[in-house]
Every structure is written in structure tokens, then in C-alpha cells.
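Biologist: I've got a model open and I'd like to learn how to read it. Could we start with the aromatic rings?

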Amino acid sequence: MKQPKQLIKLGFMKRFTNLDRLILIPYIVLVLIGFLAVYSAAGTTTVTPIGEQSNVLVKQLAFIAFSFISLVVSYFVLDKYGNRYYFLTISMGILLLLEIMVRLFGDEALGAKSRLTVGPIQIQPSEFVKVFLIWWFGVLLADLIKNKRVITQFVRPFTKRKLPPYFDAMILYGLPGILLLLIFMEPDVGTALVIMMTIWIVLLVAGRIPHGLLISVAGLVLLFILFNYFPIDLLGFLPSHIVSRIVAYRDAFDAASNEGFQIVRGYMAVAQGGIFGQGPGASQFKAGYLPEATTDFIIAIIAEEYGLIGVLLLFSTLTILITRIFIRALKATLTSTKYILTGVGGMLLVQSFINLGGLIGLIPLTGVTLPFISYGGSSLMASSIAIGMAFTALDNEDKQLGLANVSEKQRTFTRSLVMKDGK
């Protein structure tokens, strides 16, 4: 195929002007909506001093700044080092170490020990595990398709001994399995569930799970039985706060004074918002009547202040972002790009579903945040890194066509030529 004559090299910094706008613009809009929602949910003179409200404002602005930096850094670092096995190995080692430190020295909150505090900084490593494993599986699965023992070839010079044929699968699945086990032990069941479902989606697309759809349906049926019909007295093997959430899920109004308090208050906030809402900053339930208003139940405050219309606009923006990522995954020619984009879109979809499902009583509460909207630096930074990963994967795709440093208009023209040539 002949390259079009009008291909013009652009400068290093101009790469950002060529990022997919249907991913970049919804991302920025969602971050801004999240900032306004968190500031509103945290700010009320009846329960929060004005100084504390200003502190939340400063913190959230800092989170947003660090998140934009995280996106840019991940975009360039992954572009340069992301496909190198030593980068994957070092990153995996750091995350394993952080999760072990959480287990030993983490701060406990709401029945879970999932955060590390270093001076004024508090981080939740499981959030970064969630996005790293998308890249881990995206790169390694794509390489294994080309060469079934590619991990063995990387490790053999260091071990200088023959490795068993199952070594590649053991590394590919075993190390993430250890991370997942450590997260379950915190216990951070919500994040672990998001990780498992995201990986499941990637493996389904990669064809690595025989009869995957049948197994998925069976798993959903078992969860439905556990949540709805399994005797509460026999759930002693689960942590007490998880059992409380299942009790609240089964009949929130019957347990409205204890386990179901948060869910019932969330229902009331949504109902009070109606179609058009009470107006910006006019939420009554944020004034101490709704626990976790800035995190798990941020959407309830948005519904109360902006009504059904505001919630629909929010989820329409999120839908545009996720749909665009999936569309680009379907059109990808590079296997790694397809898997990484599928993982990023799958993670955002699963996390949004779990957060909204907990609010409306479709599933038990899990403590999973709403991407880009809920308060929290680790969550926002991890979601931003995932967007940076998506941009890097798309750049790798364009490099295959020689389009890494050209304008979007020229990219579109060249891609159309590629499609006509059947390549």
C-alpha cells in the first residue's frame, strides 16, 4: 500500500492533539463532573466546617492534578517500556510488595485493611493492581499467541535450567492469582470482584476459557443463589461486614435502622431528586444523613441535586467513553491492542455496573467507586492510568500503519486505504 503524500511529521508534544477525542473529551468531562459532585457532597455548613470543606476542595484538586500527570506518564512510559519483560517483572514485584505491606501495616477502615499511609499520603495498592493486570494480560497473552513459550525464553538465561512446559501458564496466571488472594484477604471483595470480571472478559475475548459463556452463566446463577437464598446462618465463613451487606440487600427496609440504613437513605435521596433535581448544592441527605456520600453513594447525591436528567447525562457520557473504547478494540489489528482496550473498557463497565447495582439494590453493596466520579485519589489515578494505557495501545496500533506522528485527518485517510487494500 502506498502511503499518502500528505503525511506530515508532527512534533513530540503534538502527539496529544491526535489522541482519540471520543475518549479524551468524555474522560475530561467525567473528571470535572466528579470534582463538582464531590465538592457538593462534602460541603455543608451543618456538619462540615468551612475549613474542612476547603480541605476537601484542595485534596480533590490535587487528586485531579496527579491523575492527569499519571495519565501522561503512563502514556509515555508504557509506550517506551511497556512491552519489555523486565518492566512487567519489576512492576509485578512492586505491587506484590505493596500488597504484602498492606497486609502487615495497612490501615483498617469499614472492616477492611486496604490502604497504606506514608506521611500525608494514603494509597490503595489494589486500585493499581486492577489496571496493571490489564496490561499484564494484554501483552503476555498476545506474545503467547505468537510463541507459546515466550516467558520461558525470557527466564531461561537467568535459571540456566530446563523449565517445565506449564511454566508460562504458571507465571501468566499464578502471579496475578497471588495478588488477587492478597486483595481478598484484606478483605477488599469489591475490587477483587472487579479484577476477576475484567480478566474474565479479556480471557473470553482471547479464547482462553473453553465454554466461557456457559461458565459465566453458571457463576452468575451461583451468586444469585448465594445473595438471595443461601441461609444467613451458614454464611459464617464470610467476614461480618460482607454478611451485613447481604442482609441489607435482601431486605433493606426491614433492616433500615442498622444494616440497611445506607441503602434506604440512598433510595430516599434518589426519590427526592425526581426528574429535574433539587438544584446544585441543594442536597439534604449529604448533611450527615447518607454515609459514604462522596464515595460509594456519590450517584445518590447527584440524583438528588440534578434528578434523573442529570444522572442520564452522566451515564451517557460514561457510555460514550466505554463504547468508544470497545469500538476501537473491535477494529484493532494488533492482538495486544485488542486485549488491552477490551480490558480497559471491561473494567470501566464492570465497575460502573457494580457501583450503580449496589445503589439500586440489584446487587449487595461492595464499596466499589464510580469511575472518575467518586472521591479518592487512588481510584481516580488508577482510572486515569487506564485511559493512558488505552492511548498507548492505540498508538502501538498506529505505529503498525506508520501513523504514529501524523494528524487525525491523515490517519483516517490512511486507515481507509488500508481497509480498501484488505490489510
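Biologist: How many aromatic pairs does a search of the whole structure find?

Modeller: The search turns up 11 aromatic pairs. A pair of aromatic rings is described by the distance of the centres and the angle of the planes. Take F132 and W136: their ring centres are 6.0 Å apart and their planes sit at 50 degrees, so this pair is tilted.

Biologist: Where do F132 and W136 sit in helix 4 relative to one another?

Modeller: They're 4 residues apart in helix 4 (residues 125–146), so about one helical turn separates them.

Biologist: Is W136 buried or exposed?

Modeller: W136 is buried, with a relative accessible area of 4%. F132 is buried too, at 10%. The cut-off for buried is under 20%.

Biologist: What about helix 13, how many of its residues are buried?

Modeller: For helix 13 it's 21 of the 24, so the rest of the structure largely encloses this helix. Helix 13 covers residues 377–400 and reaches 35 Å from first C-alpha to last, close to the 34 Å expected.

Biologist: Which stretches have pLDDT under 50?

Modeller: Where pLDDT is low, the predicted coordinates should not be read in detail. The chain's mean pLDDT is 82, with 85% of residues at 70 or more. Residues 45–51 are below 50, and that stretch has 7 contacts beyond near neighbours in sequence. Residues 1–12 also stay under 50, with 26 contacts beyond four places in sequence.

Note on methods. Residues are numbered from 1 along each chain as its sequence is written. This is a predicted model: local features need pLDDT of at least 70, side-chain atom pairs count only at pLDDT 80 or more; totals for chains, interfaces and linings use all residues. Side-chain values use heavy atoms; hydrogens and water are left out. Helices (H or I, at least four residues) and strands (E, at least two) are DSSP runs, numbered from the N terminus. The expected span of a helix is 1.5 Å times one less than its number of residues. Buried means under 20% relative accessible area, exposed over 50%, partly exposed in between (1.4 Å probe, protein chains only). pLDDT is the predictor's confidence in each residue, from 0 to 100. Contact means heavy atoms within 4.5 Å. Rings of Phe, Tyr and Trp (its six-membered ring) pair if their centres lie within 6.5 Å; planes under 30 degrees apart count as stacked, over 60 as edge-to-face and the rest as tilted.
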